Amino acid sequence: MKSLAERPVNPTVGLTVPHESAALHVTGTALYTDDLVGRMPGCLHAWPVQAPHAHARVTALRTEPALAVPGVVRVLTAADVPGTNDAGTKEDEPLFPAEVMYYGHAVCWVLGETPEAARLGAAAVEAEYEVLPSLLTLTEAIEAGSFQGHQPTLSRGEAAAALEAAPRRFAGTFEFGGQEHFYLETHASLAYVDEAGQVFIHASTQHPSETQEIAAHVLGRSSSEVTVQCLRMGGGFGGKEMQPHGLAAVAALGAVLTGRPVRLRLNRTQDMTMTGKRHPFHAEWEAGFDDEGRLRGLRATITSDGGWCLDLSEPVLARALCHIDNSYFIPDIEVRGRIAKTNKTSQTAFRGFGGPQGMLIIEDILGRCAPALGIDPTELRRRNLYVPGQSTPYGQPVRHAERLLDIWTRLSGLADLENRAAAVVRFNKVHEHTKRGLAMTPVKFGISFNLTAFNQAGALVHVYKDGSVLINHGGTEMGQGLHTKMRQVAATALGIPLRGVRLAPTRTDKVPNTSATAASSGADLNGGAVKNACDQIRDRLAEVAARRFNIHPDDVRFVDGRVTGIGFHDQDLAFAEVVNDAYFQRIPLFAAGYYRTEGLHWDAARMQGEPFKYFSYGAAVSEVEVDGFTGAYRFLRTDIVHDVGDSLSPLVDLGQIEGAFVQGSGWLTLEELRWDTSDGPDRGRLATQAASTYKLPSFSEMPDVLNVHLYERATESGVVYGSKAVGEPPLMLAFSVREALRAAAAAFGPPDRPLELASPATPEAVFWALQGARDALKETAEDAAAGARRR
Amino acid sequence: MEPIDVTVNGLARRSAAGPNTSLLDWLRGEGLTGAKEGCAEGECGACAVLVARPDGPDRTRWTAVNSCLPPAPAFDGGEIVTSEGLGTAAGAAAEELHPVQREMADRGGSQCGYCTPGFVCAMAAEYYRPERRAGGGAGEPEPHHGPNGFDLHALSGNLCRCTGYRPIRDAAYALGDPAADDPLAARSAAAPPAARPTHSAAGGSEFLRPATLGELLDRLEQQPDALLIAGGTDLGVERNLRHSRPPLILGVDRLDELRGLHEGAGFVEIGAALTLSEIERGLDGRIPLLGRLFPQFASRLIRNSATLGGNLGTASPIGDAAPVLLALDATLVLASKRGEREVALADYFTGYRRSVREPGEIIRAVRIPLPLAARTAFHKVSKRRFDDISSVAVAFAARYDGGLVTDVRIGLGGVAATPIRARSAEEALAGKEPTREAAAAAAAAMAGEGTPLDDHRASARYRTAMLEQAMLRFCAESLPDPEAAR
């Protein structure tokens with residue numbers, strides 16, 4: 001079993017098993033960071049003082065009144081920071097700022113015996129501000145030339161010449177909104193000083209190593225003095241990749257200064273007003289097609305709204321640029337990228353990490369241009385799909401490009417596309433106030449961190465004398481089923497039943513220098529490392545067994561908790577027995593595993609290289625029904641074919657695909673972030689800062705029928721047990737919903753009329769789109785009547 | 001701070017609970033951390049627990065509520081089951097999962113698991129709902145109902161950010177009937193503990209649930225700024241998000257005088273402290289327009305706590321009950337030490353969150369005059385179809401006789417500082433034959449109603465358009481087109 005992708009007989013990977021914590025989840029006994037507070041006597045509670053201005057200088061900060069509030073123990077300010085007063089990795093994120101950069105920016109933190117005392121203390125802090133001019137919208141920032149970070153350009157060929165030569169040319173602008181993560185568990189950290197000055201932090205973090213590094217540099221200590229543990233998260237979605245660090249550092253600082261445990265848990269309003277979100281984008285584009293609708297050239301300037309500091313905006317922009325092609329070959333292309341600096345929360349990673357934004361731009365272009373080209377949008381998309389032999393604009397060959405057309409064809413059949421398209425036409429003919437729309441869109445998504453160094457992982461696997469196995473790895477569990485998959489990988493590699501493998505919580509003192517559990521790479525990277533560690537142990541055990549069986553170690557097999565030889569089964573030992581033998585022979589029963597993704601290279605300055613190990617593919621067909629009176633809609637049916645390689649854990653993968661799809665639909669249709677952009681006193685305030693005003697999909701946004709098919713016989717060579725990553729790519733299957741809404745709204749108007757649709761396509765946005773279509777139909781009818789009169 | 005006595009998961013617990021402590025915080029303080037805070041305003045359901053509530057005189061109905069909203073002292077003497085106790089309540093084996101938990105676990109109904117305890121409790125309440133029937137009669141199940149009679153609206157107040165809901169729906173629709181020896185089903189056969197008068201004071205705040213209406217009115221007379229609560233769904237949001245700490249909270253939820261539901265001479269009277277779920281069950285379709293309102297009013301979790309008294313007492317311009325009750329020409333029975341008076345709802349609102357209710361006065365009941373108008377409709381416009389606050393809500397009640405609209409009342413929410421009647425649109429339609437021209441004229445009049453604002457829910461322009469469209473829809477869907485009939 002020397003190949004990473006090859007599966008042994010009776011593998012545990014590939015079996016449908018419930019989430020490894022499912023029983024704990026349903027009984028409410030799974031512990032999250034903030035559930036530990038009751039186990040921490042004397043715990044203090046932290047509360048922020050949030051500035052009520054979008055941009056201001058802090059001219060005075062009087063903390064004495066807070067200390068007079070009963071129960072207030074301490075106020076943390078910049079003066080208390082022994083190390084670096086910064087919450088990020090770029091020194092542009094002061095943890096205790098002297099200049100307020102967005103409405104709700106925390107200028108100091110109050111520690112109290114109770115949350116109530118801390119809150120009252122925070123209210124008592126007297127802060128004075130000198131209000132400064134602020135920029136809120138992308139338009140304002142672009143006009144003011146307010147940008148931050150690199151401004152990369154992705155190019156191939158001669159876009160200008162190609163556009164010039166293209167028989168059909170279109171141009172447009174498109175601005176679309178971001179998205180709040182709305183993990184059900186808000187940010188939480190719990191820090192205390194362990195013995196000998198070691199700082200121990202429980203944090204809800206996707207990136208424990210970076211939380212550790214930043215807490216250490218704020219405290220002015222070495223990384224070896226700080227340990228971060230993440231039991232599990234109540235959702236992450238990228239929102240806990242960078243954002244937890246400063247919060248954990250505040251808790252750690254409080255613990256060091258008071259000698260008591262400190263809990264920092266943001267309530268929903270604080271979480272929404274203080275932490276970053278998906279980047280909104282603005283795009284200005286020109287696209288050229290040939291007469292058959294094939295893309296000839298694309299030129300665009302895309303500007304992301306990075307908020308007040310860089311955070312992850314640069315890699316997010318890079319991924320947006322690397323995905324503006326989605327699944328389509330664009331021979332000549334030039335896309336300039338920039339990051340606006342605005343007085344808003346620092347926008348950050350969110351499932352897809354810029355990929356969805358890049359892809360939305362091209363999908364919008366195709367959706368808008370199809371009617372003008374006189375080509376059915378589904379056909380237009382099919383004609384432009386990559387075929388084998390073609391490369392992306394950044395020079396990476398599109399491996400397995402044939403899967404795109406194959407998925408497209410299979411999905412058309414599974415979804416009964418042709419008949420249903422005809423049925424939609426019939427429905428629309430006889431319904432005046434209700435129209436349906438049907439659309440199909442593809443996904444191609446590159447897997448690996450763009451930054452090559454992040455594509456490595458470690459694991460630590462222990463086998464105890466009784467044969468039980470405990471695995472540690474660097475990845476975190478946020479619901480995506482990583483731990484479930486890792487247990488399956490270890491059970492497969494060691495040839496033991498799943499129940500024999502226990503997984504210990506993620507901790508920086510077990511596996512150091514880990515990458516964020518992000519970029520969908522958790523299972524690929526940590527699976528490689530876990531398997532590597534298990535393989536080392538298994539190889540050692542094979543030698544022990546081989547001596548017992550008197551055979552060559554290569555011929556020893558580990559299956560279902562039994563150890564035997566190849567081809568004959570008269571000798572057969574329990575796994576635990578071999579383990580026990582190995583102990584007495586003084587063979588080490590633990591191993592550190594390591595994995596690095598091979599074959600990656602990326603030149604960030606030239607935007608060229610092969611940053612991705614492979615591409616994930618998929619496609620979706622969605623049918624929607626729109627109400628002409630209100631613009632409200634229902635999602636009737638969605639069919640999906642998605643490529644996860646050979647699934648490590650089908651129930652987990654199915655859950656990721658469905659969940660990502662619905663989350664993507666939320667971004668594109670429902671979830672709307674609104675800031676106060678007036679010049680009033682609340683300029684810069686997030687108006688949608690609660691569950692009552694920021695609406696996530698609920699049951700009513702799930703399609704009535706949702707059929708998900710995993711792409712079959714899809715072994716991905718070079719990845720653990722032939723699998724593929726799944727976390728992010730299916731989010732973009734939701735483009736099918738948006739395009740179906742466009743089709744339904746267009747059906748209220750004359751045929752072949754291009755229709756612009758705002759994003760998110762809220763009922764109001766759909767209403768205005770269909771009103772436009774209806775008005776156009778009226779004009780057409782009036783023109784026809786006038787023409788008839790003239791004749 | 002006085003201690004409260006609550007039976008949780010079959011065990012009696014006694015510990016202090018202040019007036020500003022939510023049930024959720026009290027439970028978590030007791031080490032029961034299964035229920036979670038997701039939003040602290042009753043929108044996400046991660047905090048849902050089951051409460052033993054009366055179901056007629058001698059039965060218990062397991063009722064799911066958001067624990068983040070009501071004050072803990074309101075549960076003094078009560079009985080609660082949380083996700084931790086569901087499978088193990090009354091002595092089941094520790095490792096034994098409840099059928100709801102088993103379906104959720106096996107079908108991938110949990111991913112991150114944070115919303116799961118709340119889902120499990122909301123799902124369990126529906127699992128035990130006595131009216132739930134497999135098949136629900138002949139033919140296809142109703143929309144949003146499973147073949148086992150499971151009403152998906154039971155879960156409309158629970159948000160999940162991970163799964164996309166399909167496996168949760170499958171889990172709900174796969175549930176069978178409670179086993180013969182199911183401890184919680186067995187518990188339903190006896191009455192819940194009687195609510196008891198209780199009192200708690202701490203940090204300058206006081207919670208009091210008086211024993212009698214007289215005691216309530218006495219106390220209110222002394223302290224007219226006291227806040228009245230039943231389910232506490234509004235108070236909880238004010239406390240959690242805006243940190244309101246009222247000096248006196250008076251719990252009216254168990255006063256019999258406020259919990260009646262009966263038909264009087266020419267009206268139906270609905271007690272102000274009945275929960276919306278209780279009204280829905282009690283009316284059982286008697287007032288179709290209210291029947292249209294309930295499924296769209298917040299979520300089941302909220303409807304299990306919220307009352308008409310509360311919804312009208314806050315005098316919010318966007319409460320969904322007011323437009324419907326305006327269309328029904330409802331009146332309110334206001335009670336105080338000085339006696340009772342009846343006020344038309346149309347005269348009740350005086351300004352943004354203000355009403356004619358005087359200091360010392362409570363809403364005792366809502367009266368809906370009979371006979372009911374036959375042609376009714378309720379149009380709620382919101383971003384999300386389930387569990388959202390209206391940008392615009394429009395209710396119609398019309399009488400149609402001899403080809404003419406003889407009488408019409410239209411209630412509007414979300415377009416002015418108070419809920420209002422659409423008087424000029426009513427005038428435009430009344431006495432008319434509902435032709436397309438008449439509909440267009442009435443729609444134009446509707447577009448002039450109120451003074452809609454731009455906000456994060458909708459633009460003023462959209463709100464105005466929705467008024468217009470609501471009239472067009474009402475005429476198209478609820479009134480026969482005389483031209484088509486000819």
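**Exercise 1. Find the span in chain B that UniProt marks as "domain: FAD-binding PCMH-type", and describe its make-up.**

Solution. The unreviewed UniProt entry puts this feature at residues 200–373 of chain B; such annotations may be inferred rather than shown by experiment. Next, look at the ends: their C-alpha atoms are 46 Å apart. Finally, the span is 29% helix and 28% strand, with helices (H or I, at least four residues) and strands (E, at least two) taken as DSSP runs numbered from the N terminus.

A word on conventions: this is a predicted model, where local features need pLDDT of at least 70, side-chain atom pairs count only at pLDDT 80 or more, and totals for chains, interfaces and linings use all residues. Residues are numbered from 1 along each chain as its sequence is written, while chains are lettered from A and ligands numbered from 1 in the order in which they are written.

**Exercise 2. How do the axes of H10(A) and H18(A) cross?**

Solution. Take helix H10 (residues 355–373) and helix H18 (residues 735–746) of chain A: their axes come within 11 Å and cross at roughly 25°. The axes are lines fitted to C-alpha atoms over the stretch in contact, with angles from 0 to 180 degrees between N-to-C directions. H10(A) and H18(A) are therefore roughly parallel (angles under 35 degrees).

Note on methods. Angles under 35 degrees count as roughly parallel, over 145 as roughly antiparallel, 65 to 115 as roughly perpendicular and the rest as oblique.
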